[in-house]
Amino acid sequence: MADPLREYREKRPPGASPEPAGKPPKRRRGAQRFVVQEHDATRLHWDLRLEHDGVLASWALPRFLPGTQGDNRLAVRTEDHPVEYLDFHGDIPAGQYGAGTMRIFDRGTFDVLIWEPRKVEVELHGTHLTGSWALFPIGRQGEDDRHWMIHRMGEPLDPDAEPMPATVPPMLARAGPLPAGEGWSYEVKWDGVRALCHSEPGRMSLRSRGGADITAAYPELARLSRALHEHSAIIDGEIVAFDAAADPPRPSFQALQRRMHVREERRVRRLAAEVPVTYVAFDLLWLDGRSLTQLPYGERRELLLELGLEGPHWQTPEAHEGADGGRALLAAAGELGLEGVVAKRVSAPYEPGRRSGAWVKVRRRQTADLQIGGWLEGEGGRRGRVGALLVGELGEDGALHYRGRVGSGLSEAELDELAGRLPALAREQSPFAPRAGRPPRGARWVEPVLVAQVAYSEQSDAGLLRQPVWLGLREQPPQALTLQDERTTRGRGRTATALVDGHELALTNLDKPLYPDGTTKREVIAYAAAIAPVLVPHLSGRALTLVRCPDGVDGETFFEKRAPSHHPPFVKTATVVYGRETIEHVVAGDRATLVWLAQLAALELHPSLALAAAPDRPTAVVFDLDPGAPATIFECCQVALLLRAMLAGVGLRAFPKTSGSKGLQVYVPLNRPEPTFDTTKAFAKAVAEVLAAGRPELVVARQSKTLRAGKVLVDWYQNDRAKTTIGVYSLRARPQPTVSAPVTWEEVQRAAQPGDGGPLSFTLREMPARVEAVGDLFAELLSTSQRLPATG
């Protein structure tokens with residue numbers, strides 16, 4: 001008779017592991033037994049073992065046992081184990097099969113409902129696990145029978161459990177003095193990135209304040225899910241980078257900046273080693289099927305502490321109660337150079353999305369997010385570079401008020417980044433309001449779309465900052481548009497006025513649908529205002545071609561190259577000569593112009609690949625990947641990855657974005673004066689033809705429709721002075737209000753896997769929150785300088 005434990009023993013040489021060797025299988029009388037063990041090995045999983053025919057039939061469960069009907073989960077059939085394994089727990093040494101820690105989660109007895117070769121149904125009677133489960137293989141009979149599924153039968157494991165919410169807007173704190181009196185708890189104010197952790201057995205995600213998924217940016221936090229064991233939870237906390245050179249180490253927002261907007265997998269992993277982060281957990285919002293938001297903060301805090309979240313990259317910091325504890329913590333924060341403390345009312349519930357007086361942030365030093373409106377050239381070692389930035393604050397009157405200059409604290413890397421980004425934002429006139437302080441002479445002005453975080457001691461009577469210190473460059477969060485005097489006007493529908501950066505704009509037909517799904521002009525205008533901080537740098541100085549849809553995408557749609565004759569005085573234009581034709585184009589160099597274009601229902605913005613000041617010299621090469629049916633975005637992503645590898649082979653970095661329609665685009669930034677359109681077009685053609693020759697079943701480099709069925713056209717024709725491509729963050733005049741959105745290579749790679757990533761598509765409703773979470777994924781295009789290899 002074959003030994004049912006042969007495979008088990010072959011994987012475990014005698015004496016190499018503390019696991020039981022196992023006696024010869026022997027049936028026993030009495031109730032059959034089971035055990036569920038948490039196995040913290042290469043991957044955390046749970047092992048379900050059922051006593052049967054003298055051995056333990058075993059399944060590995062990557063996501064624990066399902067608790068409700070319809071929740072089918074993977075169960076991998078493993079080798080039979082000896083019955084002595086019912087009591088095993090401990091450490092399996094490194095280098096041995098299943099190396100890691102084994103912990104018993106539950107055990108008891110079970111009744112067999114059905115036990116067949118391809119179906120097992122049991123009713124468990126354990127301390128934590130009661131009820132019935134069914135196991136069945138996925139494949140057909142005779143195929144690989146290791147992969148099974150497990151699902152819950154009958155009533156849910158916890159009938160009162162609620163589903164985990166997809167998102168929870170975080171509660172926000174108000175600024176103020178340290179609260180006095182009893183009933184308050186005090187914590188350190190961490191200078192990091194707010195993140196909500198959604199964790200279930202076997203999977204975890206980190207969501208930004210805006211709800212975007214930022215998990216891939218911080219791989220060192222992935223094991224936080226293991227620390228929660230079998231629990232499902234939503235935790236509120238902060239991602240913090242510590243300055244290891246400081247004694248003791250302290251939070252460093254400048255260090256964290258190196259991580260915040262990086263999504264390329266290789267760079268993420270390299271930076272994770274160089275600038276590791278810590279997840280600081282400070283609140284618990286949902287646990288094992290129960291929302292905790294209505295519980296007092298003190299009770300939520302106790303439940304959080306019971307989870308024991310202390311690890312290599314996560315911690316639950318100490319809280320101090322009582323007024324004396326608050327004053328002591330604030331003093332300690334000052335000594336350690338920390339930002340301040342947060343006071344929380346112990347009896348208060350969690351208020352999702354609200355800036356509540358129950359949480360008070362008390363800053364040791366004052367900080368402000370100020371818009372950069374200009375810069376001064378430095379002296380000495382900074383000659384020819386940025387010496388100081390001129391910053392301002394947007395007032396209630398819509399004007400930018402000058403707050404002073406800041407140069408202290410800028411690192412060499414930040415100076416290099418600013419040198420790449422500021423020239424594209426250049427403007428002739430000061431963006432600061434008259435009589436709002438006097439900026440120094442000799443300043444170079446820029447559109448105020450970049451935001452600096454600045455620390456300072458106090459403000460003068462004139463509003464200027466004293467002892468300002470640069471903390472870092474923040475991506476400006478999406479900005480809501482404030483409408484004034486809104487009313488219904490005969491013949492023009494719902495109208496209003498808006499004050500945008502000091503310019504008053506009349507907005508009409510606000511409730512007019514522009515898309516079949518009901519998206520209105522009001523929403524299009526709001527999107528233009530919100531997305532401006534990241535969009536303006538990519539349009540500044542470039543001639544625009546517009547696609548206007550005054551009656552919506554189902555009405556008349558037309559291209560417009562010439563700037564409308566009735567454009568407001570603040571709208572910039574650029575004159576470009578095309579052979580015998582001269583055209584005056586709109587140049588969208590500020591937020592007010594974007595709002596005005598949205599008012600015109602200019603849904604699509606097509607910027608030139610060259611700056612208007614040098615119309616024959618493109619700053620980038622673009623590859624437009626267009627699928628021919630039945631090919632889809634799936635095939636486009638596969639081609640994009642091939643293209644990326646080919647470009648990397650000649651030393652070129654590339655950046656992907658969706659077309660907002662059915663395709664994908666790959667940009668290669670140059671930002672050098674040498675190339676001409678003849679050069680970039682020849683290079684793009686050569687690359688496309690090499691791809692088509694190497695993968696003829698997938699890629700075509702010619703536009704003939706007869707060649708494109710089921711393939712992806714690598715369109716190199718876009719690299720022409722007379723052509724334009726849809727701009728990044730632009731809406732599309734399509735049936736849905738989709739956006740041409742920058743994406744990460746990791747997202748492209750996931751979308752290239754069958755049935756994994758799904759289509760890459762984002763609408764105007766999703767983009768502002770995505771940008772707030774991940775920043776401008778195309779920002780590096782403005783500063784990356786590289787040269788094309790010779791193609792001849």
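## How the strands and helices get their labels

Mentor: Let's begin with strand 30 and strand 31 (residues 493–500), which run antiparallel and are joined by five bridges. The model is predicted: local features need pLDDT of at least 70, side-chain atom pairs count only at pLDDT 80 or more, and totals for chains, interfaces and linings use all residues.

Trainee: What makes strand 30 and strand 31 count as paired?

Mentor: Pairing asks for at least two bridges found by DSSP; these strands have five, so they pair. One spot to look at is leucine 483, which stands opposite alanine 498 in strand 31. Strands themselves are DSSP runs of E with at least two residues, helices are runs of H or I with at least four, and both are numbered from the N terminus.

Trainee: Why are strand 30 and strand 32 called edge strands?

Mentor: The open sheet has the order 30-31-32, with antiparallel pairing. Strand 30 (483–489) and strand 32 (503–507) each pair on one side only. From one strand to the next, the twist averages 15 degrees.

Trainee: How many residues of helix 9 are buried?

Mentor: Nine of its nine, which makes helix 9 mostly covered. Buried means under 20% relative accessible area, exposed means over 50%, and partly exposed lies in between, using a 1.4 Å probe and protein chains only. Leu594 and Trp596 are among those buried residues. Their partners, with contact meaning heavy atoms within 4.5 Å, include strand 31, strand 32 and helix 8 (521–539).

Trainee: What caps the N-terminal end of helix 9?

Mentor: Aspartate 590 does, with a side-chain oxygen 3.4 Å from the backbone nitrogen of alanine 592. Just after helix 9, alanine 601 takes a positive phi of about 60 degrees.

Trainee: How do you know what span to expect for helix 6?

Mentor: The expected span is 1.5 Å times one less than the number of residues. For the 14 residues of helix 6 (residues 323–336) that gives 20 Å, and the end C-alpha atoms are 20 Å apart, which agrees.

Trainee: Which residues of helix 6 are buried?

Mentor: Ala323, Gly325, Gly326, Leu329 and Ala333. They cover an arc of only 160 degrees around the axis, which puts them on the same side of helix 6; the arc is taken from the directions from the helix axis to the C-beta atoms. The face turned away from that side carries exposed Asp324 and Glu335.

Conventions: Residues are numbered from 1 along each chain as its sequence is written. Side-chain values use heavy atoms; hydrogens and water are left out. Axes are lines fitted to C-alpha atoms, for helices over the stretch in contact, and angles run from 0 to 180 degrees between N-to-C directions. A polar contact is a pair of N or O atoms within 3.5 Å; within protein, one must be able to donate a hydrogen and the other to accept it, and residues adjacent in sequence count only if both atoms are side-chain atoms.
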